Amino acid sequence: MRSAVTVSLTASAVLAGGLFAGQAHAAPAVPSITAPGGFVMNNGTGTTLYGKAADTRRSTGSTTKIMTAKVVLSQRNLNLDAKVTIDKAYSDYIVAKNASSARLIVGDKVTVRQLLYGLMLPSGCDAAYALADKFGTGTTRAARVKSFIGKMNDEARKMGLRNTHFDSFDGIGSGQNYSTPRDLTKIASSAMKNSTFRAVVATKSTKQKVTTRTGGYRYMAWTNTNKLLSTYSGAIGVKTGSGPQAKYCLVFAATRGNKTVIGTVLASPSEANRATDVKKLLDYGFAR
(Lines give C-alpha, C1' and ligand atoms only; values in the text may rest on other atoms or scores of the structure.)
Protein backbone atom coordinates (compact mmCIF):
# COMPACT_ATOMS: atom_id res chain seq x y z
CA MET A 1 0.00 0.00 0.00
CA ARG A 2 2.85 2.33 0.94
CA SER A 3 4.48 1.62 -2.45
CA ALA A 4 1.32 2.53 -4.37
CA VAL A 5 1.00 5.82 -2.48
CA THR A 6 4.63 6.63 -3.18
CA VAL A 7 4.21 5.94 -6.89
CA SER A 8 1.05 8.04 -7.00
CA LEU A 9 2.71 10.97 -5.21
CA THR A 10 5.80 10.74 -7.41
CA ALA A 11 3.70 10.77 -10.58
CA SER A 12 1.73 13.77 -9.32
CA ALA A 13 4.95 15.60 -8.48
CA VAL A 14 6.35 14.94 -11.96
CA LEU A 15 3.18 16.17 -13.60
CA ALA A 16 2.99 19.24 -11.43
CA GLY A 17 6.70 19.94 -11.87
CA GLY A 18 6.38 19.63 -15.62
CA LEU A 19 3.38 21.93 -15.69
CA PHE A 20 5.00 24.62 -13.56
CA ALA A 21 8.30 24.34 -15.40
CA GLY A 22 6.46 24.79 -18.67
CA GLN A 23 4.74 27.88 -17.35
CA ALA A 24 8.00 29.32 -16.01
CA HIS A 25 9.80 28.95 -19.33
CA ALA A 26 6.96 29.87 -21.67
CA ALA A 27 8.27 32.65 -23.92
CA PRO A 28 6.04 35.70 -24.34
CA ALA A 29 4.33 36.02 -27.71
CA VAL A 30 6.30 38.12 -30.17
CA PRO A 31 4.33 41.34 -30.71
CA SER A 32 3.01 42.55 -34.03
CA ILE A 33 3.66 46.25 -34.68
CA THR A 34 2.35 48.55 -37.40
CA ALA A 35 5.68 50.35 -37.82
CA PRO A 36 7.68 48.89 -40.71
CA GLY A 37 10.87 49.01 -38.66
CA GLY A 38 11.59 48.22 -35.01
CA PHE A 39 14.33 47.02 -32.71
CA VAL A 40 14.66 46.39 -28.97
CA MET A 41 17.63 45.36 -26.86
CA ASN A 42 18.63 44.84 -23.26
CA ASN A 43 20.63 47.99 -22.57
CA GLY A 44 22.77 46.31 -19.94
CA THR A 45 23.86 43.29 -21.96
CA GLY A 46 23.34 44.48 -25.54
CA THR A 47 21.25 41.37 -26.21
CA THR A 48 18.76 41.73 -29.05
CA LEU A 49 15.21 41.16 -27.81
CA TYR A 50 13.22 42.04 -30.95
CA GLY A 51 13.83 43.03 -34.53
CA LYS A 52 11.70 43.92 -37.54
CA ALA A 53 13.57 45.19 -40.60
CA ALA A 54 16.11 46.26 -37.99
CA ASP A 55 18.82 47.01 -40.54
CA THR A 56 16.71 48.67 -43.21
CA ARG A 57 17.70 52.29 -43.82
CA ARG A 58 14.96 54.84 -43.23
CA SER A 59 14.55 58.57 -42.73
CA THR A 60 14.97 59.38 -39.05
CA GLY A 61 13.37 62.80 -38.56
CA SER A 62 14.33 64.49 -35.32
CA THR A 63 15.70 61.31 -33.75
CA THR A 64 18.80 62.60 -35.58
CA LYS A 65 19.18 65.03 -32.68
CA ILE A 66 20.34 62.20 -30.43
CA MET A 67 23.60 62.20 -32.40
CA THR A 68 23.65 66.02 -32.37
CA ALA A 69 23.58 65.95 -28.56
CA LYS A 70 26.07 63.06 -28.40
CA VAL A 71 28.61 64.96 -30.50
CA VAL A 72 28.24 68.10 -28.38
CA LEU A 73 28.66 66.14 -25.15
CA SER A 74 31.75 64.37 -26.48
CA GLN A 75 33.66 67.64 -26.99
CA ARG A 76 36.89 67.92 -25.01
CA ASN A 77 36.84 70.32 -22.06
CA LEU A 78 33.15 70.98 -22.66
CA ASN A 79 31.76 73.86 -20.61
CA LEU A 80 28.01 73.31 -20.32
CA ASP A 81 27.62 76.80 -18.85
CA ALA A 82 29.29 78.57 -21.77
CA LYS A 83 26.89 81.05 -23.35
CA VAL A 84 25.87 81.10 -26.99
CA THR A 85 24.35 84.22 -28.53
CA ILE A 86 21.27 83.42 -30.59
CA ASP A 87 21.79 84.58 -34.15
CA LYS A 88 19.09 85.73 -36.57
CA ALA A 89 20.17 82.94 -38.92
CA TYR A 90 18.80 80.34 -36.50
CA SER A 91 15.42 82.06 -36.39
CA ASP A 92 15.33 82.53 -40.17
CA TYR A 93 16.09 78.83 -40.63
CA ILE A 94 13.09 77.81 -38.54
CA VAL A 95 10.79 80.02 -40.60
CA ALA A 96 12.22 78.86 -43.93
CA LYS A 97 11.97 75.17 -43.05
CA ASN A 98 8.72 75.42 -41.06
CA ALA A 99 10.66 73.48 -38.45
CA SER A 100 10.01 72.56 -34.83
CA SER A 101 11.33 75.28 -32.58
CA ALA A 102 12.60 76.03 -29.09
CA ARG A 103 11.41 79.61 -29.77
CA LEU A 104 14.88 81.01 -29.14
CA ILE A 105 14.98 84.81 -29.32
CA VAL A 106 17.62 86.65 -31.36
CA GLY A 107 20.23 88.30 -29.15
CA ASP A 108 19.56 86.15 -26.09
CA LYS A 109 22.54 84.42 -24.49
CA VAL A 110 21.73 80.78 -23.82
CA THR A 111 24.03 78.23 -22.19
CA VAL A 112 25.08 75.03 -23.94
CA ARG A 113 23.20 73.05 -21.30
CA GLN A 114 20.04 75.07 -21.98
CA LEU A 115 20.46 74.54 -25.71
CA LEU A 116 20.54 70.78 -25.08
CA TYR A 117 17.19 71.05 -23.30
CA GLY A 118 15.85 73.17 -26.17
CA LEU A 119 17.16 70.58 -28.61
CA MET A 120 15.76 67.46 -26.96
CA LEU A 121 12.50 68.56 -25.29
CA PRO A 122 10.62 70.74 -27.81
CA SER A 123 12.90 69.33 -30.56
CA GLY A 124 14.19 72.79 -31.42
CA CYS A 125 15.86 72.93 -34.81
CA ASP A 126 16.99 76.44 -33.88
CA ALA A 127 18.81 74.95 -30.86
CA ALA A 128 20.34 72.31 -33.14
CA TYR A 129 21.57 75.01 -35.51
CA ALA A 130 23.06 77.01 -32.63
CA LEU A 131 24.92 73.95 -31.33
CA ALA A 132 26.23 73.00 -34.79
CA ASP A 133 27.44 76.58 -35.31
CA LYS A 134 29.07 76.61 -31.86
CA PHE A 135 30.85 73.26 -32.05
CA GLY A 136 31.75 73.04 -35.73
CA THR A 137 35.05 74.48 -36.95
CA GLY A 138 35.59 77.04 -39.71
CA THR A 139 35.60 80.74 -40.48
CA THR A 140 32.04 80.84 -41.81
CA ARG A 141 28.75 79.56 -40.41
CA ALA A 142 28.31 77.26 -43.42
CA ALA A 143 31.76 75.78 -42.86
CA ARG A 144 31.12 75.25 -39.17
CA VAL A 145 27.80 73.52 -39.81
CA LYS A 146 29.38 71.28 -42.46
CA SER A 147 32.18 70.46 -40.01
CA PHE A 148 29.71 69.57 -37.27
CA ILE A 149 27.73 67.23 -39.53
CA GLY A 150 31.07 65.67 -40.44
CA LYS A 151 31.66 65.01 -36.73
CA MET A 152 28.27 63.29 -36.55
CA ASN A 153 29.26 60.98 -39.41
CA ASP A 154 32.72 60.40 -37.91
CA GLU A 155 31.05 59.28 -34.69
CA ALA A 156 28.77 56.90 -36.59
CA ARG A 157 31.80 55.40 -38.33
CA LYS A 158 33.69 55.02 -35.05
CA MET A 159 30.70 53.11 -33.69
CA GLY A 160 30.73 50.82 -36.73
CA LEU A 161 27.30 51.93 -37.92
CA ARG A 162 27.39 51.18 -41.63
CA ASN A 163 23.73 51.95 -42.23
CA THR A 164 23.72 55.45 -40.76
CA HIS A 165 24.50 58.75 -42.48
CA PHE A 166 23.69 62.35 -41.61
CA ASP A 167 23.36 65.30 -43.95
CA SER A 168 21.84 67.64 -41.36
CA PHE A 169 22.14 68.57 -37.70
CA ASP A 170 18.41 68.15 -37.05
CA GLY A 171 16.96 65.58 -39.45
CA ILE A 172 15.80 68.09 -42.07
CA GLY A 173 18.15 66.89 -44.77
CA SER A 174 18.30 66.52 -48.51
CA GLY A 175 17.63 62.81 -48.78
CA GLN A 176 20.88 61.51 -47.31
CA ASN A 177 19.86 61.52 -43.65
CA TYR A 178 19.13 57.92 -42.70
CA SER A 179 19.67 55.24 -40.12
CA THR A 180 18.10 51.97 -38.98
CA PRO A 181 16.25 50.84 -35.87
CA ARG A 182 19.31 48.90 -34.70
CA ASP A 183 21.78 51.74 -35.35
CA LEU A 184 19.63 54.41 -33.69
CA THR A 185 19.21 52.19 -30.66
CA LYS A 186 22.98 51.80 -30.42
CA ILE A 187 23.50 55.56 -30.74
CA ALA A 188 20.97 56.19 -27.97
CA SER A 189 22.45 53.47 -25.77
CA SER A 190 25.87 55.08 -26.08
CA ALA A 191 24.48 58.58 -25.45
CA MET A 192 22.69 57.37 -22.33
CA LYS A 193 26.07 56.67 -20.71
CA ASN A 194 26.41 60.43 -20.33
CA SER A 195 24.76 61.75 -17.16
CA THR A 196 23.82 65.10 -18.72
CA PHE A 197 22.15 63.39 -21.66
CA ARG A 198 20.22 61.07 -19.32
CA ALA A 199 19.03 63.99 -17.22
CA VAL A 200 17.88 65.99 -20.24
CA VAL A 201 15.93 63.25 -22.01
CA ALA A 202 14.19 62.15 -18.81
CA THR A 203 12.86 65.67 -18.19
CA LYS A 204 9.14 66.14 -18.86
CA SER A 205 9.25 69.95 -18.75
CA THR A 206 11.62 72.69 -17.70
CA LYS A 207 11.79 76.45 -17.22
CA GLN A 208 15.17 77.96 -18.01
CA LYS A 209 16.39 81.46 -17.14
CA VAL A 210 18.28 83.02 -20.07
CA THR A 211 20.04 86.35 -20.47
CA THR A 212 18.51 88.87 -22.88
CA ARG A 213 20.35 91.10 -25.33
CA THR A 214 20.06 94.05 -22.92
CA GLY A 215 21.44 92.14 -19.94
CA GLY A 216 18.10 91.34 -18.36
CA TYR A 217 16.58 87.90 -18.25
CA ARG A 218 13.59 85.89 -19.38
CA TYR A 219 12.32 82.37 -18.75
CA MET A 220 12.00 79.82 -21.52
CA ALA A 221 9.49 77.01 -20.85
CA TRP A 222 9.91 73.76 -22.73
CA THR A 223 7.80 70.59 -22.67
CA ASN A 224 9.10 67.24 -23.85
CA THR A 225 7.47 65.91 -27.03
CA ASN A 226 8.10 62.38 -25.70
CA LYS A 227 4.76 61.56 -24.06
CA LEU A 228 6.06 58.12 -23.12
CA LEU A 229 7.61 59.75 -20.04
CA SER A 230 4.12 60.33 -18.67
CA THR A 231 2.36 57.24 -20.01
CA TYR A 232 4.71 54.31 -19.38
CA SER A 233 5.96 53.30 -15.96
CA GLY A 234 9.74 53.47 -15.78
CA ALA A 235 10.22 55.46 -19.01
CA ILE A 236 13.51 57.39 -19.03
CA GLY A 237 13.75 58.77 -22.62
CA VAL A 238 14.72 59.20 -25.39
CA LYS A 239 13.57 61.17 -28.49
CA THR A 240 10.64 61.56 -30.86
CA GLY A 241 10.89 62.19 -34.58
CA SER A 242 8.43 62.90 -37.36
CA GLY A 243 8.20 64.22 -40.88
CA PRO A 244 6.73 63.59 -44.34
CA GLN A 245 9.31 60.87 -45.10
CA ALA A 246 10.12 59.73 -41.57
CA LYS A 247 6.44 59.42 -40.53
CA TYR A 248 6.34 58.89 -36.73
CA CYS A 249 9.49 57.65 -35.00
CA LEU A 250 10.56 57.13 -31.42
CA VAL A 251 13.76 56.02 -29.78
CA PHE A 252 12.63 54.84 -26.36
CA ALA A 253 14.02 53.53 -23.08
CA ALA A 254 12.58 52.39 -19.77
CA THR A 255 13.93 50.87 -16.57
CA ARG A 256 12.22 48.44 -14.22
CA GLY A 257 14.15 46.91 -11.37
CA ASN A 258 17.66 46.20 -12.59
CA LYS A 259 16.68 45.97 -16.26
CA THR A 260 16.74 48.75 -18.86
CA VAL A 261 15.14 48.13 -22.24
CA ILE A 262 15.99 50.43 -25.13
CA GLY A 263 14.75 50.45 -28.70
CA THR A 264 13.45 52.25 -31.76
CA VAL A 265 10.42 52.30 -34.01
CA LEU A 266 10.63 54.01 -37.38
CA ALA A 267 7.94 55.14 -39.79
CA SER A 268 4.82 54.40 -37.71
CA PRO A 269 1.78 55.60 -39.69
CA SER A 270 0.44 57.77 -36.86
CA GLU A 271 1.31 59.10 -33.42
CA ALA A 272 -1.27 56.74 -31.89
CA ASN A 273 0.20 53.74 -33.71
CA ARG A 274 3.67 54.76 -32.55
CA ALA A 275 2.54 54.86 -28.93
CA THR A 276 0.87 51.44 -29.20
CA ASP A 277 3.89 49.90 -30.94
CA VAL A 278 6.32 51.19 -28.33
CA LYS A 279 4.22 49.95 -25.39
CA LYS A 280 4.02 46.50 -26.99
CA LEU A 281 7.77 46.39 -27.52
CA LEU A 282 8.62 47.58 -24.03
CA ASP A 283 6.22 45.09 -22.43
CA TYR A 284 7.76 42.36 -24.55
CA GLY A 285 11.28 43.47 -23.72
CA PHE A 286 10.62 43.34 -19.98
CA ALA A 287 8.91 39.94 -20.30
CA ARG A 288 11.93 38.42 -22.05
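Tutor: Burial first: a residue is buried under 20% relative accessible area, exposed over 50%, and partly exposed in between, using a 1.4 Å probe and protein chains only. Keep in mind that this is a predicted model, where local features need pLDDT of at least 70, side-chain atom pairs count only at pLDDT 80 or more, and totals for chains, interfaces and linings use all residues. Numbering starts from 1 along each chain as its sequence is written, and side-chain values use heavy atoms, with hydrogens and water left out. Helices (H or I, at least four residues) and strands (E, at least two) are DSSP runs numbered from the N terminus, and two strands pair if DSSP finds at least two bridges between them.

Let's start with E1, residues 37–42, where six of six residues are buried. Gly37, Phe39 and Met41 point one way, Gly38, Val40 and Asn42 the other. E1 pairs antiparallel with E11 (residues 259–268) over six bridges, and glycine 38 has valine 265 of E11 as its bridge partner. E1 also runs antiparallel to E2, with four bridges joining them; there, valine 40 is partnered with tyrosine 50. E1 and E2 make a hairpin with five residues between them, and glycine 46 in the turn has a positive phi of about 80°.

Most residues other than glycine have a negative phi, and most peptide bonds are trans. Alanine 53 isn't a glycine, yet its phi is positive, about 45°. You'll find alanine 53 in the loop between E2 (48–52) and E3 (58–59), and it counts as partly exposed because its relative accessibility is 33%. Asparagine 77 also has a positive phi, near 50°, and belongs to the loop between H2 (65–73) and E4 (83–85). Asparagine 77 counts as exposed because its relative accessibility is 80%.

The peptide bond case is glycine 237 to valine 238, which is cis with omega about 20°. Valine 238 lies in E9, residues 235–243.

One last stop is serine 62, in the loop between E3 and H2. Serine 62 counts as buried because its relative accessibility is 10%. Taking contact as heavy atoms within 4.5 Å, and skipping neighbours within four places in sequence, serine 62 touches Ser100, Ser123, Asp170, Lys239, Thr240, Gly241 and Ser242.
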